[in-house]
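This report goes through one protein model, moving from single residues to the overall fold. The sequence and coordinates are shown first, and the discussion follows them.

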Amino acid sequence: MKSILRFIVVFILISSVNLEAQAKEISISELKEKVDFKVLFPKQIPINWSLEIKTYPWGEKDNITHFRLHYIEKEDKYLMIGIEERKASEGMEKKKQNGEEININGNIGYFQEWADNGKLDRNGHLISGGILSWIQEGTYIEMDSSNVEKDKIIEIAKSMKLN
């Protein structure tokens with residue numbers, strides 16, 4: 001019985017260490033060193049949003065192919081806006097079906113509103129926003145939100161600069 005209990009305790013400790021290592025967030029300077037494209041960050045983010053950086057492939061430490069910036073409101077209830085970045089490749093800038101063309105820092109971008117925009121989700125939260133994508137500085141950027149209005153998404157997109 002003691003050996004089983006010991007095994008369970010050791011297993012839990014090892015599992016906790018692994019989760020802690022996986023959850024360790026990467027810094028902006030580390031991120032810039034581990035990707036083969038230019039990294040851009042928004043300069044106009046509300047002060048009450050916190051940033052989480054997610055890298056892909058999941059768990060990869062050296063060969064990061066893309067990443068997402070998750071801006072979460074201060075109470076950690078809602079993802080306010082997600083920004084994915086990856087190296088641009090040919091054809092990525094093609095117009096999205098029913099997408100509205102938007103000028104983002106002199107680059108052609110496309111905004112696609114959510115189909116259920118203006119409706120309430122299952123929790124009674126109003127759905128707004130959509131997906132905005134464009135290429136800037138050789139980086140493909142896709143910004144999405146179901147909590148932020150189109151005009152605010154565009155404002156944040158226009159504040160994207162090299163860090």
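## Backbone exceptions

N105 counts as partly exposed, because its relative accessibility is 33%. The model discussed here is a predicted one, and in it N105, although not a glycine, has a positive phi of about 55°. N105 lies in the loop between β5 and β6, two strands that form a hairpin with 2 residues between them. Most residues other than glycine have a negative phi, and most peptide bonds are trans.

E137 shows a positive phi as well, near 60°, and is likewise a residue other than glycine. E137 is placed in the loop between β7 and β8, and with a relative accessible area of 42% it is partly exposed. The peptide bond that joins Y56 and P57 is cis, with omega at about 0°; P57 lies in the loop between β2 and β3, the latter strand covering residues 66-73.

## Order of elements and the sheet

The protein contains 3 helices and 9 strands, and these follow one another along the sequence in the pattern α-α-β-β-β-β-β-β-β-β-α-β. An open sheet is formed by 7 strands, in the order β2-β3-β4-β8-β7-β6-β5, with antiparallel pairing. Its edge strands are β2, residues 49-56, and β5, residues 100-104, each of which pairs on one side only. On average, and with direction ignored, neighbouring strands of this sheet are turned by 20° against each other.

Two pairings in this sheet can be followed residue by residue. Strand β5 pairs with β6 in the antiparallel sense over 5 bridges, and within β6 the bridge partner of I102 is G109. Strand β6, residues 107-113, also pairs in the antiparallel sense with β7, residues 130-136, over 5 bridges; here the bridge partner of G109 in β7 is W134. Helix α3, residues 150-158, packs on the sheet and touches β2, β4, β5, β6, β7 and β8, its direction making about 35° with that of β5.

## An aromatic pair and a strand residue

How many aromatic pairs does a search of the whole structure find? The search finds 1 aromatic pair, formed by F37 and F67, which are stacked at 6.0 Å centre to centre with 10° between the planes. F37 lies in the loop between α2 (28-34) and β1 (40-42), whereas F67 is in strand β3, so the pair ties together parts that are 30 residues apart in sequence. Both F37 and F67 are buried.

L79 lies in strand β4 and is partly exposed, its relative accessible area being 34%. When neighbours within four places in sequence are left aside, L79 is in contact with H70, Y71, I72 and N147. Its C-alpha atom is 9.8 Å from that of D144, although L79 and D144 are 65 residues apart in sequence.

## Burial, surface and contacts

Of the 163 residues in the protein, 33% are buried. The accessible surface comes to about 10500 Å², and carbon and sulfur atoms account for 53% of this area. Among contacts between residues at least 6 apart in sequence, 50% join residues that are at least 24 apart.

## Confidence of the prediction

The mean pLDDT of the protein is 83, and 82% of its residues reach 70 or more. Among the elements of the protein, helix α3 has the highest mean pLDDT, at 97, while helix α1, residues 2-23, has the lowest, at 40. Over residues 2-23 the pLDDT is below 50, and beyond near neighbours in sequence this stretch has 2 contacts in the model.

How values were computed. Residues are numbered from 1 along each chain as its sequence is written. This is a predicted model: local features need pLDDT of at least 70, side-chain atom pairs count only at pLDDT 80 or more; totals for chains, interfaces and linings use all residues. Side-chain values use heavy atoms; hydrogens and water are left out. Helices (H or I, at least four residues) and strands (E, at least two) are DSSP runs, numbered from the N terminus. Buried means under 20% relative accessible area, exposed over 50%, partly exposed in between (1.4 Å probe, protein chains only). Contact means heavy atoms within 4.5 Å. Accessible areas come from the Shrake-Rupley method with a 1.4 Å probe; for residues, only the protein chains shown count as cover. Two strands pair if DSSP finds at least two bridges between them. Axes are lines fitted to C-alpha atoms, for helices over the stretch in contact, and angles run from 0 to 180 degrees between N-to-C directions. pLDDT is the predictor's confidence in each residue, from 0 to 100. Rings of Phe, Tyr and Trp (its six-membered ring) pair if their centres lie within 6.5 Å; planes under 30 degrees apart count as stacked, over 60 as edge-to-face and the rest as tilted.
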